[in-house]
Structure formats: structure tokens, C-alpha cells
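Here is a friendly note to read alongside the chain. Please have the sequence and the 3D view open as you go through the points.

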Amino acid sequence: MKAIRRFTVRAVIPEALSALEELALNLRWSWHRPTQRLFRSISEPAWHASHDPIQLLGAVEPARLEELAADASFVQRANELRDELRRYIAEPRWYQSLEGAPASIAYFSAEFGVAAALPQYSGGLGILAGDHLKAASDLGIPIIGVGLFYRSGYFRQSISGEGWQQEAYPVLDPDGLPLSVLRHPDGMAARVSLALPDGRSLSARIWVAEVGRVKLLMLDTNIRENDEDLRSVTDRLYGGGGEHRLLQELLLGVGGVRAIDLAVELLGLTPPTVFHTNEGHSGFQGLERISNLIADGLSFDEALQVVRAGTVFTTHTPVPAGIDRFERPLIERYFATADLLPGVTLDQVLGLGLESQMGGPDSVFNMAVLGLRLGQHANGVAKLHGRVSRSMFRPLWPGFDADEVPITSITNGVHAPTWVDSTLVALAEAQFGTGDTTRVDWQSDQVTDAQLWAARNEMRAATVADARRRVRAAHEVTGGIAPAWTAQVLDANTLTIGFARRGATYKRLTLMLHDRARLTSILTDSERPVQIIVAGKAHPADDEGKHLIQELYEFSEQPEIRGRIVFLPNYDITMAQSLYPGTDVWLNNPLRPMEACGTSGMKAALNGSLNLSILDGWWDEYYDGKNGWAIPSADSAGDAAERDALEASALYDLIEHQIAPMFYDRGADGVPSQWISHVRYALATLSPELSADRMVRQYVQELYTPAHHLAVRLTANGFGAARTLSAWKKKVADAWPQVAVAHVESGGLDAVPQVNDELHVRAHVALGPLTPADVRVEVVYGHSEPGAGDELTELRSQELTVDPAVAGQDGAGTTAFIGSVVLDRAGSFGYTVRVLPKSDLLASPAELGLVAVAG
Ligand SMILES: *Cc1c(COP(=O)(O)O)cnc(C)c1O
């Protein structure tokens with residue numbers, strides 16, 4: 001029945017149970033176990049069917065609700081939990097103890113994975129955004145989330161009998177979700193609108209989700225005011241290409257800023273001073289803010305300074321192909337529309353985003369370039385990814401070393417209350433008196449090996465039971481009745497390896513199949529068997545990814561190994577929560593360095609699973625020889641095939657010779673004590689580091705707070721400093737061709753210099769119309785390997801000052817700067833002198849991309 005119309009009738013909740021509505025509408029329940037237990041106690045089967053309080057309330061019989069309304073102890077429990085939620089939302093937390101932190105931060109992301117009940121994510125990026133909001137809520141950080149509401153979210157995956165991925169796009173009904181519409185006081189739904197080419201316009205309503213104390217605004221174009229074709233702008237997450245995606249991103253960025261203004265007005269939120277764009281999709285937000293500042297009387301360049309100062313841009317991809325890009329004609333068509341961004345010209349937009357600025361073609365508009373041009377503060381998502389990003393984007397800062405490119409890194413983290421299994425939480429509660437598993441000493445004897453091993457066994461058994469249920473359900477969907485063997489798949493006591501990720505090629509889903517005979521013998525070893533649980537979705541347009549899934553699926557269906565390796569369809573948050581905890585080993589084998597961070601291994605680690613991974617993403621910085629295993633990367637292999645062969649062979653070796661023997665090495669009590677000692681060590685050392693708490697605090701301290709201070713300074717006194725900075729940048733850029741280091745003299749050293757000797761430097765610098773206050777003249781020094789040409793490593797710098805003896809004027813039209821460097825290390829030494837623009841309103845000396853180096 002194709003024409004059927006569906007809608008959700010919300011349950012009528014008896015007055016006495018009004019607390020349940022409040023609890024169900026705030027997504028805090030998704031990481032608050034006592035609230036989950038309350039809903040679960042209403043109906044065990046309804047809870048298991050949906051893991052969603054609103055669905056549950058709609059599914060239970062009214063008679064059951066009446067019964068609970070008359071149950072004084074239930075009503076009291078519900079009211080207490082509601083009061084606890086209200087306290088959680090209102091009370092001062094970590095952030096309230098800080099001084100000088102921003103009063104409000106906007107966080108933009110194209111996807112948010114908060115809970116399975118609100119499926120608005122495709123994978124890691126969205127789940128990271130959800131974890132960011134949850135941790136921000138726990139820490140009391142005043143963040144406003146901004147995203148889109150996709151009518152079908154991402155797709156639901158099933159696998160055909162031939163192993164081919166099938167996609168379905170079930171339509172979500174927002175009335176059945178924990179959302180409310182943003183309304184004006186007269187009841188009218190609030191709307192944002194954007195001017196489009198040909199006199200058309202795109203409108204959206206705004207859904208508000210409560211994520212603890214954080215509000216998440218989600219824009220939705222599926223409203224009557226829109227032309228039929230425009231209603232579907234927010235139909236699916238990454239559902240379209242080119243123009244469809246551009247419309248989504250215009251709505252997210254430009255519409256998102258307008259939605260914040262409405263939420264500030266209608267919900268009494270504090271206007272943000274800091275705008276964080278999680279990946280390039282929301283980059284257009286900066287253009288809308290520039291347009292608003294131009295309306296306040298600033299020039300484009302002045303407005304740009306203000307916007308840059310308050311913008312944080314996080315890049316998530318280490319490969320140029322992963323960046324969001326648009327064909328220039330498409331950008332031209334949309335941004336030539338007069339009323340889209342009043343005051344901002346098409347040329348100005350192109351000037352901020354054309355890929356030609358980093359050596360690419362000028363026919364392509366690059367959202368990462370836009371992000372970096374509009375964000376004075378930028379970061380990658382792991383240390384290695386920061387380094388890779390600095391090299392990748394180095395062409396945007398010509399004349400600077402990759403090390404100096406102003407992109408820092410903050411390693412991702414995961415929200416522990418969401419991802420740590422209740423069995424482990426219960427163990428921590430029982431042994432340490434707290435359920436916060438990230439802050440207890442897992443290496444102390446407050447917990448015994450036997451207790452920890454029992455918990456790990458229980459978690460593995462639960463994962464195996466859930467996986468078996470999923471395998472059977474999948475067979476029932478495709479073939480009717482699940483075959484008998486599916487009742488026996490996997491085993492609760494076998495060493496269990498987990499591997500789940502998007503089907504992107506670089507993640508090498510099928511590396512483990514490289515030598516099928518060897519894998520088969522590992523899986524079926526009679527003394528030390530191994531089992532592998534695999535899951536992952538391929539992008540709907542990625543046939544190569546679907547072939548990999550098919551290959552794995554077909555391998556797993558072979559009679560001699562089925563049951564030892566299973567592919568679970570429809571990887572999502574719910575599956576992830578039951579999959580990670582019960583794995584003993586979490587496998588990750590991307591092509592280094594293509595995994596920006598990776599977070600699934602973090603979630604596994606927080607549950608006592610040991611990582612077995614290529615040294616990429618977060619593992620590159622956290623692997624220490626004791627907390628898991630590193631698969632060596634064959635970076636120097638001749639070609640991709642050789643690399644796969646070498647890395648696969650290393651992977652098998654590790655499993656066969658180290659992992660399986662240690663796992664099955666049991667004491668008289670049946671406990672693998674060496675294994676458990678590694679689990680204790682990994683839990684104790686990694687949990688605090690990998691938690692989103694650590695990540696979000698770092699964002700506050702290293703990026704949000706500096707951004708806030710610069711933005712406030714530029715905004716104060718009628719934007720005085722913004723005007724000064726803009727004029728100064730222009731003056732410096734115009735004068736720069738005349739700036740040069742004319743010549744350098746040095747002295748103070750013997751023929752054979754020794755450590756602690758001082759090198760005296762005197763540099764004569766031509767400044768053109770600039771003054772010494774406009775520049776930083778510095779000695780840059782470091783290791784100089786013989787034969788390495790002009791390359792210096794371990795760069796350091798020492799600022800020179802105007803020579804007071806001659807008041808700087810050295811008579812040759814140049815200014816003399818002097819200073820000295822202490823040679824504090826032995827070895828080969830190299831140095832040069834360079835000039836950089838200087839202002840305390842710059843976040844980095846490389847910011848203007850201007851430098852003059854001694855010839
Ligand atoms: C954590 C998570 C991801 C991301 O994992 P990666 O290691 O970054 O690939 C993807 N999907 C789900 C459902 C997750 O929970």
C-alpha cells in the first residue's frame with residue numbers, strides 16, 4: 001500500500017506520570033542508567049523492542065500506565081529522577097568554575113549520533129558530534145548544537161542471499177521522536193528562509209532536541225511552504241551529490257546561523273561568541289555572519305577579522321579526496337543570488353574557497369579551504385592527523401614549514417557513560433564505590449583478577465548472544481526461517497575479535513582474508529580457536545565497498561568456518577553498544593595514515609578490550625607496547641598488493657603467536673592472569689585519556705577560550721580593533737614586497753664552538769613603510785643535517801630586538817636588530833634570520849602567509 005500515510009499518536013500519559021514525559025523528551029536518558037531502568041521497568045519487552053522511551057510509552061497498554069499511576073513507589077521514583085534531571089541541568093559543573101570562558105558556543109555538524117532513537121548520523125563523524133554534546137552537557141558547557149533533520153536519516157542495511165548490501169530508507173516521523181518545534185509566542189512555528197536563484201526561496205522549520213543541558217537545533221525543509229522539490233533538501237543524510245548537497249550545506253551554514261538567532265530570541269539562549277564547525281560541511285556559517293556584520297556597518301575585510309577570530313574549524317580527513325568540494329559554476333549560480341548573503345559578493349566568496357589557493361584547479365570550490373580561511377583556530381583529530389593536515393594544507397601558507405602551519409590537533413574521545421557497558425560499571429561500583437570507570441585504579445587489588453575476568457566473560461557472552469540473535473534475524477529476513485546452524489554461531493568462551501567500520505576502501509575490510517587458508521586455520525584451531533564478528537556499511541554509491549562486504553559475507557557462509565566469523569548487518573549505535581564490550585580484541589587495519597583518528601577502538605578499550613591495530617589515528621600516539629598490539633605498517637612496500645601481503649602476514653603472526661597463546665594461558669583457577677594484567681593496564685591508563693571529557697575540556701581550554709577572547713577584543717568599542725586589524729593587514733600585505741633581510745652578521749663563537757657558547761646575531765632589515773613594531777625579526781635555528789640542504793629540523797626561534805646603540809637606524813635605509821642564541825645542544829647547527837608580521841591579534845605568526853627570509 002504505497003499511498004499509505006503514517007503518523008505517530010503520542011500516548012496520553014496520566015497526570016501522575018507527567019515526570020515520564022519530561023524524562024523521555026530529554027535525551028539524557030540515553031546515558032543515564034537509572035532513567036533507562038525506570039523505563040525498562042514499565043515493560044521489559046517494549047524496552048527491548050525499541051530502546052526508546054517515547055516508542056515504549058506509545059506501545060504499552062493504557063491500562064499499564066493507569067496501573068503505574070496508582071503505584072506510589074513508581075510515581076515517587078519517576079518524580080525523583082525528574083528532579084535529578086532538573087538539578088543536572090541547572091547546577092554548576094566544571095565549566096562554571098572557569099574564568100574567562102565563553103558564555104555560549106555554537107557547534108555545527110552535518111550529522112549528530114546522539115542515540116539510536118534519533119538516527120541522524122552515518123558513522124564516526126556524527127557519533128563524535130553526539131559524544132561532544134553529551135560530554136559538554138556533563139561538564140556544564142553552554143553549547144548550542146546546529147544540524148539538519150533528515151527525514152530518513154542514513155540508510156538501514158540488510159544483506160541479500162548473495163551477500164549484496166541492500167539499502168532501505170524508512171521515513172522518520174518527528175512527532176514520534178524526542179523533538180519539539182521551535183515556536184513564536186503566538187504558537188506559529190519559527191522559520192528560516194534562504195534566497196535561491198531564479199527568485200525562489202528555501203524555508204525550514206527548526207526542531208529542538210534536548211541533550212541533557214544542551215539544545216540541538218535541527219533544520220527541516222519538509223514543510224508546505226516549500227516547492228515540492230525543495231521539501232526533499234533534508235530527505236537523507238548524504239543522499240545526493242552536487243546541488244542537493246550544496247543546498248543542504250547552505251541550509252546548515254546560513255540557515256543554521258539564522259536558527260541560532262531565533263533560538264536566542266525565543267528560548268532565551270545566550271548568543272554565541274564562538275562558532276565551531278565540525279568538518280567543512282557547515283563552512284557557509286561564516287559567510288552569513290560576515291553578511292550580518294556588514295549590515296552593522298563593517299567592510300567585508302573588517303567583518304572577516306571578527307568572524308575568523310571566533311571560528312574554530314575541525315578537519316577530519318587526511319586525504320584530499322575526502323574533502324567536500326563543489327564545481328565552481330554551482331557556487332557561482334547560488335552565490336550570485338542577490339538576497340542570499342546581502343553585502344557579500346560572489347568574488348569574495350570565491351576568494352575564500354577556490355582550490356587554486358592550495359595548488360588545485362580554480363574550477364573547484366573546496367570546503368576545507370573555506371574552513372581554514374574563515375577559522376583562525378583549526379585542528380585535526382589526532383596528533384598524527386594534525387601532522388598530516390599541516391602537510392596537506394601547507395600550500396595555503398607559502399613560505400612556511402609544515403610544522404608551522406597553524407593547524408593544531410585535539411585527539412578525539414568517546415563519551416564513557418554512553419559506551420561503557422553496564423557490567424563493567426557495576427563492577428566498578430561494587431569494588432571502587434563509583435561507576436565512573438575512567439577514574440578508578442584498575443591496577444589496584446581492590447578488584448581481583450577473577451572478578452575482572454568474570455565481568456569480561458559476562459560481557460563476551462552478552463555480545464555473543466546479541467550477535468547470534470542478529471544473525472538469525474538476518475536469515476529470517478532474507479530466507480524465511482533461519483537455518484539450524486545459526487543457533488550455534490559463535491561461542492561465549494572463545495577469543496573474540498571485533499571489526500566494524502564503514503566499508504571505505506582504505507579501511508581494508510577484507511585484509512584478514514588475504515590468506516584464506518591461514519585465516520581458516522586460525523579460526524578453527526582446536527586448542528586455541530578464534531572467532532571474528534564483523535559489521536559495517538558501504539556508502540550507497542560505493543560498489544567497491546559493497547563488493548568487499550560481499551566477499552567477507554561469502555567467506556563467512558562457508559560450512560567449515562561459519563559460526564566462527566559472522567557479518568552482522570546494519571551497524572548502528574545500538575549494535576555498537578552491545579558489540580564493543582564483549583570483544584577481547586578490537587581490530588583496525590587501515591592504510592596508514594588514512595584513518596584520521598578512529599573511535600571504535602577507543603570505545604572497545606574503555607570496556608577492557610585490547611586493540612590490535614595499524615599505528616594510525618589515535619593508536620599511533622597511544623600504543624605503548626603494553627596496552628595492545630601494533631601491526632607494523634609496510635609503508636615502504638613496493639606496491640599496494642605487497643603492502644597488503646606484508647601487513648596481513650604480520651596480523652596473522654600476532655594473533656597466532658602472541659594473542660591466542662596469552663588468551664588461552666590459564667592458571668589453576670581458569671583465569672588468564674597475563675591477559676588480565678594487560679586489560680587492567682589498558683583500562684587504567686587509556687580510559688581517562690580516551691574519554692570525551694578530556695577532549696571537550698581541551699577544546700574549551702585550547703580553542704574555544706582563545707577564540708572567545710580574540711572575538712571579544714575585535715568586537716569591543718564598536719569593532720575598533722577589527723577595523724585596526726583589517727587596516728593593518730592591508731598595510732602589511734601592501735608593504736611586504738619591500739620587506740627583506742638585507743644582510744646578517746654574526747660573532748661570538750670560537751673556531752670550534754661548544755655547548756653553552758653564545759652566537760651573536762645582527763640583522764639589517766629593510767622594512768619599507770613598516771615600523772619595527774609591525775614585525776617580528778627572529779633567528780630560526782635547529783639541526784642541520786649535512787647534505788640536507790636548507791632543511792632544518794627541531795626548529796626553534798629567538799626574537800631579535802632593535803639595536804639600542806644606533807636606535808635601529810644603521811644608515812643604509814635598513815634597521816638593525818640584534819640578539820643571541822645559546823647553543824644548548826651538541827651536533828650540527830644551522831640558522832637563518834627571517835621577518836614575520838607581528839600583532840597580538842594574530843593566533844599564529846604564519847597567519848598572513850607572509851615571511852621574508854635572509855637570502
Ligand atoms: C564509533 C562508531 C563508528 C566510528 O568508528 P571508527 O573506528 O571511527 O570507524 C562508526 N559507526 C558506529 C555505529 C560507531 O559507534
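Which residues does N26 touch, not counting residues up to four places away in sequence? The first point below takes this up.

1. **A loop asparagine.** N26 touches L85, I89, E210, V211 and G212, leaving out residues up to four places away in sequence; contact here means heavy atoms within 4.5 Å. N26 sits in the loop between α1 (18-25) and α2 (33-42). Helices (H or I, at least four residues) and strands (E, at least two) are DSSP runs, numbered from the N terminus. With 4% relative accessibility, N26 counts as buried. Buried means under 20% relative accessible area, exposed over 50%, and partly exposed in between (1.4 Å probe, protein chains only).

2. **What kind of model this is.** The model is predicted, so local features need pLDDT of at least 70 and side-chain atom pairs count only at pLDDT 80 or more, while totals for chains, interfaces and linings use all residues. Residues are numbered from 1 along each chain as its sequence is written, and side-chain values use heavy atoms, with hydrogens and water left out.

3. **Domains.** The chain is divided into domain 1 (15-88), domain 2 (101-155 + 162-409), domain 3 (418-690) and domain 4 (739-853); these bounds come from an automatic or database domain assignment. Taken over C-alpha atoms, the centres of domain 1 and domain 4 are 67 Å apart.

4. **Nonpolar cores.** A nonpolar core is a set of buried Ala, Val, Leu, Ile, Met, Phe, Trp, Tyr and Cys residues joined through side-chain atoms within 4.5 Å. The largest one has 100 residues, and F284, F335 and F365 have the most contacts inside it. Helix α9 (residues 242-267) gives the largest share of this core, 12 residues. Because domain 2 and domain 4 both give residues to this core, it lies between them. Leaving aside neighbours within four places in sequence, F335 is in contact with L250, F284, L287, L340, L341, L346 and V349. A second, separate core of 97 residues includes V381, A382, L523 and L552.

5. **A covered helix.** In helix α14 (residues 367-374), seven of the eight residues are buried: M367, A368, V369, L370, G371, L372 and L374. The N-terminal end of α14 is capped by N366, which has a side-chain oxygen 2.8 Å from the backbone nitrogen of A368.

6. **Aromatic pairs.** The structure holds 22 aromatic pairs. Rings of Phe, Tyr and Trp (its six-membered ring) pair if their centres lie within 6.5 Å; planes under 30 degrees apart count as stacked, over 60 as edge-to-face and the rest as tilted. W453 and F663 form an edge-to-face pair, because their ring centres are 5.7 Å apart and their planes stand at 65°. This pair links distant parts of the chain, with W453 in helix α18 (residues 449-479) and F663 in helix α24 (residues 640-663), 210 residues apart. W453 is buried, at a relative accessible area of 7%, and F663 is buried too, at 0%. Ring pairs also join W453, W629, F663, Y664 and W675 into a cluster.

7. **Charges over rings.** The charged end of R236 sits over the ring of Y169, 3.4 Å from the ring centre. K603 lies over the face of W419, at 4.2 Å from the centre of that ring. A charge counts as over a ring if NZ of Lys or CZ of Arg is within 6 Å of the ring centre and within 35 degrees of the ring normal.

8. **A buried asparagine in a strand.** N611 is in strand β21 (residues 610-614) and counts as buried, at 2% relative accessibility. A polar atom of the N611 side chain lies 3.1 Å from the backbone oxygen of G601. Among the residues that N611 touches are W586, W618, W619 and W629.

9. **Backbone details to look at.** Most residues other than glycine have a negative phi, and most peptide bonds are trans. A cis peptide bond joins R592 and P593, with omega about 0°. L490, in the loop between α18 and β17, has a positive phi of about 65° although it is not a glycine. F719, in helix α26 (residues 692-735), also has a positive phi, near 65°.

Notes:
Polar contact = N/O pair within 3.5 Å; in protein donor to acceptor, adjacent residues only side chain to side chain.
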